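Visitor: Before we go through the model together, I would like to ask, for each label you use, what it rests on.

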Amino acid sequence: MSQALFTESDFLNCFAGDNPVAKFKNAINEENAQLKMRFNPDQATVGLLTEKARFIDNLLTACWLHFLDAAASRNSLIATGGYGRGELFPYSDIDILVLLGAANPIDYQQQVSGFCNFLWDIGLKPGLSTRSVPECLAVAQDDQTVFTNLLEMRLITGNAELFSDLKHQVNSETLWPSEQFFPAKMAEQQKRYSKFHDTAYNLEPNIKEGPGGLRDLQVISWVFKRHYNASSLRELIKYGFLPKSEYDNLITARDILWRLRFALHNLTSRCEDRLLFDYQRELASQFGYIDKNEQPDVEQFMQFYFKTVVDIERLNEMLLQLLNERLISNKESLTPIPITANFSSIDGYLEVSNKDVFQKQPLALLEIFLILQQSPSLKGIRASTIRLIRKNLHLINADFRTNKQANRLFMDILRQPRGITSQLKRMNRYGVLAAYLPDFANIVARMQYDLFHIYTVDEHTLFVIRNLRRFSLAKHNKELPFCNNIFLLISKPDILYIAAMFHDIAKGRGGDHSTLGETIANNFCLQHELSSHDTKLITWLVRQHLFMSMTAQRKDISDPDVIHTFALEVGSIERLNYLYLLTVADIRATNPSLWNAWKDVLLKDLYISTHQALHRGLQNPMVRSERVLENKKEARDELLKLGISKTNITQSWQHLSDDYFLRYSADEIAWHTIAIAACQESELPLVLLRPQTQRGSAEIFVYTRNEAQIFSISTATLDHLGLTILDARIITTADQYVLNSFQVLEQSGEAINDLYREVHICTSLRQGLIAKKVKASKNIHKQSRQARHFPIETSITFLEDPSHKHTVIELVTTDRAGLLSTIGKAFTELDIQLHDAKITTIGSRAEDMFYISDQQSMPITDEDKKAQIRTTMLRYLSLKS
């Protein structure tokens, strides 16, 4: 046992002889090695935490005696915070208070300084404060976090009377009484929750600070201890806050998080509280998880974690509400006010009228959430009733789910004008949603191990519904006004909410989750007696919920044929409205960082073009020649207004193909024409930048003679400049000039908004094209830490081009710096022309489309040539063919 190896006397002896710092470091390393060796993920860690605290007690006592000498007994060394509780993890910070006696603090300044510096020298990283009793009380009065730390103080060594004096005054009812301390801790918890977007279900959760983490348990402990001066959470049973069964659940959940945190410290050799991707697989293995039933070990492990924290969240909610009732509420507010025959309001919270309400009337398990929606003055459900809901979940069985009255209640909840998101979240937290929809239970706490989905499937689903609800509210109109306007056009918002609820419900089952979800949604609609029209619309939305985003991001939506094909599948403006809103809400709920102005405009353009096609009539589609003539006319009219002569316009356009006028808007054509008309041959290459375009991104335009490696040099330069390429359009004129444009954003997703930056980009790209090489510099386009854990298997697929003008290559691979440049080099070696590129990056996954031809602008159909292209591309990507 390490405590036998390193007693207080042992540490005092370390000061004898040479290099005491090394001796102390060795002792600490040996202790941590002992703890690591004896740690078992399947066993409680409380004994190890206590032992670590005793070890540090012995070490600090020896240092205290050595450095303070005669002053050691006149002052106090006190443990605070987690260390004060005796819960010390292997690499936790050591929170201590040096409590000074009545003498002048200057008398001890040198000794205390030597004591503190030595602790840093040996690697302890102490959180140390030095104060007198009056100073402690003054700071604690002004700062409840300091007061909270003092609540858990424990004497390590030194003047016991001095310590007792401080403890007595801290426990005084005048210093942060419960009616002040409780609201302060609630406000602090809400602020902490907001840092994590009010959800515990992040891909890399913080097991200490996140919602449902260890801090939630500590909040309960602090508030309870302040009011009752309780020594442990077990006294929650004594004072009637928890039955023993729920207390046992609380302690079990705490023990799980303790074991996880202990394992994290061992794994990282530092005070690490985040379940980063770097550690999840190793921890999953340590805790005994193995791949099974197509579910990876890490997903099972994280689902285990998320189910643990949701239990803590629920218990935290119940206990804090009970404490509020006892500590803050007055007797008058606790008088029941009847709401219905089954429920009353007590202090603004719903309470059952008697304890057997749910047993006698199981439908009340749904009714209670409807009442909350219909009575906005109500704050929630009383803790005792939450307990009864959990206890009676078994009543939501097959008979309950097929009960028509229950079905009507559930649909009423989805059709209310307010409270849909909050009550669905509450139903999920209490287990009602999973009980009523068994298929939903499959996605509760289920994570998807990738960088695209940063929330668990159930949390993502509820975020989608929340986003849809925001489209209906005027107070959120400034976020996405176009969505708010479209929302006003839909007749039945509940159709959207049901489609959102089922769009990912089949995740984790294997197979296509969209088609599997369609079947589940259809069964729900039949059971809940929705009309044939509504059922068809909901099931279509579930099956096609990815269709609009994939079309916008992977196809050329300037092509009337693409729009016509999309419009044929959509079929009606009604479907288009619903699909557009669901698509935007889905992307924004998947990962907030993936939404940007580019995607906003891209989807909006697809919506508008499709709306026009549907309004025009599917039997009368716009042909490519009409769009070309329309764009030419608009651009010519704009140029004439700006004073450009017809002759200059004609000369600038004479070698441009119809493809150019099809794929660029009139505004872009006018911009290009003005630049080309004013440019002399000696001034080429021409490089221009517009920082903010209609697409919400910057456009970089390159006009020069057609030469090899232009695409490769351009993309490599932009990548080195830290820009994200969203789209690339490559046009080659009949007289062998290129008009290439790149839509870009800063790597952060922001637009370019600095004039110096604009000039630097244009200058760097022009110099690279002139020199025919990329200027050597440090690449600032860095791959994220997380992306290393998600290698994507590279695949190269040849697809049919509906227009039969090009050969289409789909590349799926891990996104990396210089990817497009690498592909450009491969195309140069292969002597093939690149006409267009659609760039799609989803998390760490690149899904890029390249439209190519041979040098005679003919599609490549020969299978041997395709095989050569694939082999060459793989070689350039440093992969085996």
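Guide: Let us begin with strand 15, which is joined to strand 17 (residues 845–853) by five bridges, the two running antiparallel. Please keep in mind that this is a predicted model.

Visitor: What makes strand 15 and strand 17 a pair?

Guide: Two strands pair if there are at least two bridges between them, and strand 15 and strand 17 have five. Within this pairing, Gln-833 stands opposite Ser-853 in strand 17.

Visitor: Why is strand 15 called mostly covered?

Guide: A residue is buried when its relative accessible area is under 20%, and in strand 15 (residues 833–838) six of six residues are buried. For helix 17 (residues 364–374) the count is nine of eleven, so that this helix is also described as mostly covered; among the buried residues of helix 17 are Leu-366, Phe-369 and Gln-373.

Visitor: Why does Arg-261 count as buried?

Guide: Its relative accessibility is 7%, and the cut-off is under 20%, so Arg-261 counts as buried. Arg-261 belongs to helix 13 (residues 244–268), and, leaving aside residues up to four places away in sequence, Arg-261 touches Phe-89, Ser-92, Ile-207, Lys-208, Leu-214, Cys-271 and Asp-273.

Visitor: Why are strand 5 and strand 8 said to stand at the edges?

Guide: Four strands form an open sheet in the order 5-6-7-8, with mixed pairing. Strand 5 (337–338) and strand 8 each have a single partner strand, so one side of each is left without a neighbour in the sheet. Strand 6 (residues 343–346) and strand 7 (residues 349–352) pair in the antiparallel sense over four bridges, with Leu-350 in strand 7 as the bridge partner of Ser-345. Helix 18 (residues 383–391) lies across strand 7 and strand 8, at about 55° to strand 7.

Visitor: What makes up the lining of the second largest pocket by class?

Guide: The lining has 14 nonpolar, ten polar and 13 charged residues. There are 37 lining residues, and Tyr-193, Glu-313, Glu-317, Arg-426 and Arg-429 lie nearest the centre. Of these, Glu and Arg count as charged, whereas Tyr counts as nonpolar. Helix 15 gives the most to this lining, with ten residues, and the volume of the pocket is about 1,000 Å³.

Note on methods. Residues numbered from 1 in each chain as written. Predicted model: local features only at pLDDT ≥ 70, side-chain atom pairs only at ≥ 80, totals over all residues. Heavy atoms only, no water. Buried < 20%, exposed > 50% of the residue type's maximum accessible area, 1.4 Å probe, protein only. Contact = heavy atoms within 4.5 Å. 1 Å grid on protein atoms, 1.4 Å probe; cavity = no way out; pocket = protein on both sides within 12 Å on 5 of 7 lines; lining within 4 Å. Points joined across faces, edges and corners; volume = space filled by probe spheres on them. Axes fitted to C-alpha atoms, helices over the stretch in contact; angles between N-to-C directions.
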